[in-house]
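Hello,

Here is the structure we talked about. Please open it alongside this email. My notes follow below.

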Amino acid sequence: MMNTQDLLPEPPQSDELFVTFANTLAYTRGVASDLVAEPEALLGWLKENGLISERGRAMEAQRLLRDPAEAQRRLDRFRYLRALVHAIAERVNDGHRPTREQIRDLNHILRHGLHFHQLVSEAQGTRYSVAQVGDHLDQARATIASSLANFLAQDDPHRLRTCANEGCREVFIDRSPTGRRRWCDMRTCGNRAKVARHRSRTRTLPARAARH
Ligand SMILES: [Zn+2]
């Protein structure tokens, strides 16, 4: 039933930041689990992916712990971006380009992470600093958004996919030579689809044939 070729490892998975981030919403048989549902989990993820420093993580954790309403707002902002990444991936997966609204939303997030370098004159001398329009978290969010924006502008945008397994929906980039990969992983989702097809074929066989 199984071909040994199916067990060969997939080509190395893309480590595009927006892909990793999109998949912090992980589906198992259609049931979603959010890997960054709590402020601490989100901050840990940002730290792990080099988007905030350890000091930044600790500072934000303290701030968000003191202010649950603010923590909720910040989580929502990241979720909004994640939903946008999924929506854009689904659209591209279906052979369309991102909508005007999706591009506008992405640009909005990018603008919120603006920062600029400046030379500040003080009594003691001059100081070079980076000023931000948003804050640490908005900037981290904009960095994720810019990884998607760069991908759409410069990479192979039509290779953006969502797994064909309805219960999985993992976002991935199809780097296969043919560009026809439909599943996040052939050994799991692809194989499940194959087994299901095999079963439905077996079921349709006449009862007499099945006895052999
Ligand atoms: Zn999958």
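In the hairpin of strand 1 and strand 2, R29 takes a positive phi near 45°. Two residues lie between the strands of this hairpin. Strand 1 covers residues 25-28 and strand 2 covers residues 31-34. They pair in the antiparallel sense, over four bridges. (Pairing requires at least two DSSP bridges between two strands.) A26 stands opposite S33 in strand 2. T28 has V31 of strand 2 as its bridge partner. Strands here are DSSP runs of E with at least two residues; helices are runs of H or I with at least four; both are numbered from the N terminus.

A word on the source. This is a predicted model: local features need pLDDT of at least 70, side-chain atom pairs count only at pLDDT 80 or more, and totals for chains, interfaces and linings use all residues. Residues are numbered from 1 along each chain as its sequence is written.

Confidence next. The protein averages a pLDDT of 86, where pLDDT is the predictor's confidence in each residue, from 0 to 100. At least 70 is reached by 84% of the residues. Over residues 1-8 the pLDDT is below 50. Beyond near neighbours in sequence, that stretch has five contacts in the model (a contact means C-beta atoms, placed from the backbone, within 7 Å). Residues 207-212 also have pLDDT below 50. Their stretch has one contact beyond near neighbours in sequence.

Now the helix pairs. Helix 2 (residues 39-48) and helix 3 (residues 54-66) pack at about 165°, with axes 10 Å apart. (Axes are lines fitted to C-alpha atoms over the stretch in contact; angles run from 0 to 180 degrees between N-to-C directions.) The two helices are therefore roughly antiparallel, a label for angles over 145 degrees. P39, E40, L43, L46 and K47 in helix 2 meet E54, R57, E60, A61 and L64 in helix 3. By class, that contact has five nonpolar, no polar and five charged residues. (Nonpolar: Ala, Val, Leu, Ile, Met, Phe, Trp, Tyr, Cys and Pro; charged: Asp, Glu, Lys and Arg; polar: the others, Gly among them.)

Helix 4 (residues 68-93) and helix 6 (residues 136-154) pack at about 5°, with axes 11 Å apart. They are therefore roughly parallel to each other, the label for angles under 35 degrees. Helix 4 contributes R74, R77, F78, L81 and V85; helix 6 contributes L137, R141, I144, A145 and L148. Those residues divide into seven nonpolar, no polar and three charged.

Best wishes

Technical notes
Two residues are in contact if their C-beta atoms, placed from the backbone, lie within 7 Å. Angles under 35 degrees count as roughly parallel, over 145 as roughly antiparallel, 65 to 115 as roughly perpendicular and the rest as oblique.
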